[in-house]
Number of protein chains: 2
Amino acid sequence: MTAPLFDTVCFVGIGLINSSIARAVRQEGLARRLVTLDTSAKARQTALELGVADAASDDPAAVVPGADLVIIGTPVGAVETVARTIGPHLSAGAIVSDVGSVKIAVIRDVTPYLPEGVHFVPGHPIAGTEHSGPESGFADLFRGRWCILTPLPGTDGPAIEKVTALWTAMGSMIEVMDPSHHDQVLAITSHLPHLIAYTIVGTANDLQGHLQQEVIKFSASGFRDFTRIAASDPIMWRDIFLSNKDAVLEVIQRFTEDLTALQRAIRWGEGEVLEKRFTETRAIRRAIVDARQA
Amino acid sequence: MTAPLFDTVCFVGIGLINSSIARAVRQEGLARRLVTLDTSAKARQTALELGVADAASDDPAAVVPGADLVIIGTPVGAVETVARTIGPHLSAGAIVSDVGSVKIAVIRDVTPYLPEGVHFVPGHPIAGTEHSGPESGFADLFRGRWCILTPLPGTDGPAIEKVTALWTAMGSMIEVMDPSHHDQVLAITSHLPHLIAYTIVGTANDLQGHLQQEVIKFSASGFRDFTRIAASDPIMWRDIFLSNKDAVLEVIQRFTEDLTALQRAIRWGEGEVLEKRFTETRAIRRAIVDARQA
């Protein structure tokens with residue numbers, strides 16, 4: 001039997017993503033011991049009951065020392081507090097990683113608090129569901145999905161390799177990217193779609209009584225496709241938009257210009273403009289299906 | 001054995017919806033004979049091969065006379081031509097229905113061409129997929145889904161009852177609605193979502209080479225939820241937007257105001273505005289799941 005990749009993994013914030021990692025780590029035998037740091041007593045209790053944590057505490061001194069991998073899985077607005085709190089308790093040589101949907105802000109907020117000899121390998125698994133909390137996790141969440149790593153220049157090579165090995169063992173494909181490029185790509189593929197989904201579902205939510213009931217009743221005509229991602233965790237998404245402000249505002253601007261062009265084509269009855277645009281978009285869907293990400 | 005509901009059903013345009021109806025009618029024994037009127041030789045050939053048509057022609061004189069139910073399943077921009085072409089060949093007492101996503105324009109375009117004694121019962125099944133053509137249909141498409149009927153005042157009661165019986169036998173629930181109310185409800189639940197999906201996928205499509213590949217690669221982060229409906233039939237959707245212009249422009253305006261409000265909250269770092277909005281939208285998703293339309 002080969003030794004597991006890690007001795008002790010400490011999950012900071014045991015929500016959907018971290019509890020899914022914990023399950024996969026358990027299933028694949030990638031660590032000897034799993035511990036949880038979480039401010040919520042309910043989350044800690046659930047993690048212990050589900051067996052995704054061997055120990056759980058709200059006190060970093062109780063669970064952080066001795067961990068050779070610490071994964072921060074809180075909303076990105078909380079990572080600075082997390083880093084400040086856990087920093088003094090990190091063991092020499094420990095690897096710190098995260099799963100945040102924004103990378104520049106996370107690196108800015110975490111790096112100052114990490115002691116010398118601790119290796120930071122920021123990560124972002126491109127996987128998730130609209131559900132939240134440790135009970136929503138599952139070991140196969142990352143299988144066949146991409147995980148983006150955004151290590152800074154000069155980061156310890158073996159630390160990057162160990163984080164890569166972890167994700168590969170959980171079934172993910174790895175992409176290494178510059179943090180700022182990550183934030184631009186995700187602004188388009190993830191942040192804008194979520195904002196649009198929240199907006200359109202919010203527009204429907206503002207309708208009065210009977211009409212709102214009808215929107216729910218007849219949602220199979222297109223609307224329901226948006227409601228899944230608009231049910232994602234509000235705090236997590238609030239933090240993402242505030243932390244990736246510049247890239248998000250830039251893509252909203254592009255989107256609004258494109259919507260205005262279609263709106264104008266509808267107003268003036270320019271059928272050929274609509275038809276051309278609607279034909280182009282089919283190719284993107286085909287490419288996603290072909291890439292097995294549908 | 002009870003007699004089938006109809007003797008001969010004529011499907012005008014044998015695409016996804018009409019071919020699904022044909023399969024369900026066949027499966028449930030709701031008609032004795034199925035015929036197809038379609039200008040596409042390929043579609044006629046496929047319909048005959050699939051057994052969803054006993055006869056197929058591009059000549060109304062060959063398939064319309066003798067049909068006691070005619071269902072128009074073409075893009076809504078083509079229904080006026082269809083009505084003008086089939087009008088002279090309709091048998092006395094025949095029922096004409098349709099499956100168009102817009103009702104005021106269809107009623108305006110069809111009614112003038114129907115001879116005395118022919119009953120028009122406009123319909124719209126709230127079901128579909130992103131695929132097109134007769135080969136994409138399946139008999140269960142309408143099971144557990146709503147079908148909206150928008151008969152005009154004074155329409156023959158027994159004709160409405162027969163169309164209702166048809167949809168009920170195919171597994172649908174029926175809602176009767178005023179045509180103008182239908183067009184408003186669908187502008188929100190269906191037309192706006194499709195326009196937004198086409199827009200966001202189009203915005204991504206305009207990106208240059210490498211970035212576009214990354215959008216496809218990392219589409220599981222939200223983007224792919226939009227691409228399914230943005231792969232819907234371009235001609236069908238061009239016609240819907242042009243035919244329901246006023247209602248669509250009105251909901252685009254509401255949507256744009258709501259998006260602008262969120263954009264402003266992001267720019268000014270108003271986290272509480274975002275959090276409040278994102279919390280409200282979760283309730284709508286739950287209601288859709290509870291209504292079994294998810």
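Helix 4 (residues 79–86) of chain B lies across strand 1 (6–12), strand 4 (69–72) and strand 5 (95–98) of chain B. It runs at about 155 degrees to strand 4 of chain B. Angles run from 0 to 180 degrees between N-to-C directions, with axes fitted to C-alpha atoms, for helices over the stretch in contact. Contact means C-beta atoms, placed from the backbone, within 7 Å. Helices (H or I, at least four residues) and strands (E, at least two) are DSSP runs, numbered from the N terminus.

This is a predicted model: local features need pLDDT of at least 70, side-chain atom pairs count only at pLDDT 80 or more, and totals for chains, interfaces and linings use all residues. Residues are numbered from 1 along each chain as its sequence is written, and chains are lettered from A and ligands numbered from 1 in the order written.

**The sheet.** Eight strands of chain B form an open, mixed sheet in the order 3-2-1-4-5-6-7-8. Strands pair if DSSP finds at least two bridges between them. Strand 3 (55–57) and strand 8 of chain B are the edges. Strand 7 (residues 146–149) and strand 8 (residues 173–176) of chain B pair in the parallel sense over four bridges. Two bridge partners are listed here.

| Residue | Partner in strand 8 of chain B |
|---|---|
| B:C147 | B:I174 |
| B:I148 | B:E175 |

**Between chains.** Helix 12 (residues 271–290) of chain A and helix 10 (residues 234–243) of chain B have axes that come within 9 Å and cross at roughly 140 degrees. That makes helix 12 of chain A oblique to helix 10 of chain B, a class left after under 35 degrees (roughly parallel), over 145 (roughly antiparallel) and 65 to 115 (roughly perpendicular).

Technical notes
Two residues are in contact if their C-beta atoms, placed from the backbone, lie within 7 Å.
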